[in-house]
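Please follow each point on the structure as you read.

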Amino acid sequence: MRKRLIAALAALSTTASFVVTAVAATVITAAPAQALENGLARTPPMGFNNWNTTHCRAEFNEKMVMDMADIFVSRGLKDVGYQYVNIDDCWAKTQRNAQGNLEPDPVRFPRGIKFVADYVHSKGLKFGIYTSAGTKTCNTAGFPGGLNNEQRDANLFASWGVDYLKYDNCNNQGVDAKQRYTKMRDALAATGRPIVYSICEWGQNKPWEWAQNVGNLWRTTGDINDTYSKMVDIFKRNLPLAQYAKPGAWNDPDMLEVGNGGMTPTEYRSHFSLWAIMAAPLLIGSDLRKVSQENFTTLLNKDVIDVDQDRLGIQGKQISLSGNNYVISKPLSNGDYAVALFNNNSSTQTISTTASAIGIGQSSAYNLKDLWSKSTRTTTGAISASVPAHGTVMYRVSKGVRTPPAAGTHQVSDLSWDTASNGWGPVEKDRSNGERPAGDGKTLTINGTTYTKGLGVHAASEVSVYLGRACSAFSASVGIDDEVAGSNGTVVFQVFADGTKIADSGTMTGAMAAKQLSGSLANAEQLRLVVTNGGDTINYDHADWANPTITCG
Ligand code: GLA
């Protein structure tokens, strides 16, 4: 999907106006709240931005940026996923040139921006830049902004090889935010270059409600600073916005302060854990030449990064809050769950939850891996830890000994699933997809026929069920749900018993009646129900597995 989109963008790039048409068409015909279909940021962006450590000071210059790229490679940051090396405000001259173009500050960037971008690219990394959706950027020196120069500036950035744009909100002249940010989205698309688009309007216009098809990420709050209290303040504002995040469209609680010195290593581990479980962008905001070994180790914690970068792209949700102790849970693509136990108190606390409360589903035992200490243990359900003041204990919880379904015929919607991934919203039990929070769908309906049992999914989707070689047969009726208008939507339903495909619907559209699928599950460990996008986009692909049943014993 992603490769195909990028290839399509590249193919279209020769005719800029054609690309604009294609983008506009997507907006008009797409299902509601369509993600920005530029194929980028399928997991939260990871990288570096200089702002938190340098602000506008002179040490922000070409050498610093090149040093960060070197350190990404030499100290293992690139290997764990950090990719974007981004520059923030104060890179430009205070005036546009005679042609109306932005120019780099010759003291900070004597060899120009393209030179730095080329250097970053030579390391196998990507390069990002900054401007504001206003007449000037935020710094009082008065650097020119992009308002009413959107296409000119986007073209210039693309010509320099920019891969990421942070677009700020200062000096916006009171022009409607959605209008300003959409204009730059379209200008970036028209360049034909894939550019991650970071909206920075500080949450002022509730971007989580409108920016999913405008930007790849949107700031949810005002600026972070290097204090524990500000970090927690931002965490609290970003946490309730979980339902709005998804692959390609992320809540951005601002860049990391880890390593800047204003918090303790324990507090920085909390900062990193909370950002990861909230599927936040991980943009390092410290000067990596000066970060202590302990804080460097925090930034390199691959287990925690894996939680952030999980391909399901679900932002962790608050499970409980009691006496300033938070329990947050995030489902992961292999069926595991991440749990953060965050102690926002000034003394050690015991924080407790259960496997059932975090949503992982029934099992006779669970494995807990502590993602900071790396210790592991098993539990029958209790999840509890002594957590130091301002600290966070983070676990990856996985099902231990699994039990196969009992003898008899079962509806798949009544079983606990090993994994359930979906292009939009969660996989729904006995309801259609609906696209947003759990339970927002309707009665499952295919071409006028309704079903009380089944799964409402949205391509690209995969649901897997542990069978433990105990089952013999699968059957279901499948089709696109009538909640999609007309003949819209194109999908393929596929059923796998372990690695073997046992049924395939062929391409189905919204105009077609349900098809019957069945196959043998003999000796299979696992059933997998897959819905693909049918070779086009995932737009309108609301797919129903009606009466999916397995016979066991
Ligand atoms: C705003 C943004 C910050 C930073 C500065 C630069 O405050 O929110 O992240 O980019 O501008 O001036």
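This is a predicted model: local features need pLDDT of at least 70, side-chain atom pairs count only at pLDDT 80 or more; totals for chains, interfaces and linings use all residues.

1. The structure holds three disulfides, and when the bonded cysteines are counted along the chain, they follow the pattern 1-2, 3-4, 5-6.

2. Cys138 and Cys170 form another of these disulfides, with their sulfur atoms 2.1 Å apart. The torsion about their S-S bond is about 100°, and therefore the disulfide is right-handed. This pair also links distant parts of the chain: Cys138 belongs to the loop between β3 (126–132) and α6 (150–160), and Cys170 to the loop between β4 (164–168) and α7, 32 residues apart. Cys138 counts as partly exposed because its relative accessibility is 31%, while Cys170, at 16%, counts as buried.

3. A disulfide also joins Cys471 to Cys552, at an S to S distance of 2.1 Å, and with 85° about the S-S bond it is right-handed. Because Cys471 lies in strand β24 (residues 471–480) and Cys552 in strand β29 (residues 542–552), the pair ties together parts that are 81 residues apart in sequence. Both Cys471 and Cys552 are buried.

4. Cys200 is buried, because its relative accessible area is 1%.

5. Cys138 and Cys200 are also among the residues that surround the ligand, together with others including Trp51, Tyr130, Asn139, Lys166 and Trp202. Sorted by class, this shell has five nonpolar residues, one polar residue and six charged residues. Oxygen atoms of the ligand come to 2.6 Å from an N or O atom in the side chain of Asp88, to 2.7 Å from one in the side chain of Asp89, and to 3.2 Å from one in the side chain of Arg219. Taken alone the ligand exposes 300 Å², and the protein buries 93% of that.

6. Helix α7 (residues 177–191) has 15 residues and reaches 22 Å from its first C-alpha to its last, which is close to the 21 Å expected at 1.5 Å a residue. Asp176 caps the N-terminal end of α7, with a side-chain oxygen 3.3 Å from the backbone nitrogen of Lys178. At the other end, α7 is followed by Gly192, whose phi is positive, near 80°.

7. How many of the 15 residues of α7 are buried? The helix is mostly covered, with 11 of its 15 residues buried, among them Ala177, Arg180, Tyr181, Met184, Arg185 and Leu188. In reading such a list, remember that an α-helix has 3.6 residues a turn, so residues three or four places apart point the same way.

How values were computed. Residues are numbered from 1 along each chain as its sequence is written. Side-chain values use heavy atoms; hydrogens and water are left out. A residue is near a molecule or strand if one of its heavy atoms lies within 4 Å of it. A polar contact is a pair of N or O atoms within 3.5 Å; within protein, one must be able to donate a hydrogen and the other to accept it, and residues adjacent in sequence count only if both atoms are side-chain atoms. Accessible areas come from the Shrake-Rupley method with a 1.4 Å probe; for residues, only the protein chains shown count as cover. Ala, Val, Leu, Ile, Met, Phe, Trp, Tyr, Cys and Pro count as nonpolar, Asp, Glu, Lys and Arg as charged, and the others, Gly among them, as polar. Helices (H or I, at least four residues) and strands (E, at least two) are DSSP runs, numbered from the N terminus. The expected span of a helix is 1.5 Å times one less than its number of residues. Buried means under 20% relative accessible area, exposed over 50%, partly exposed in between (1.4 Å probe, protein chains only). A disulfide is a pair of cysteine sulfur atoms within 2.5 Å.
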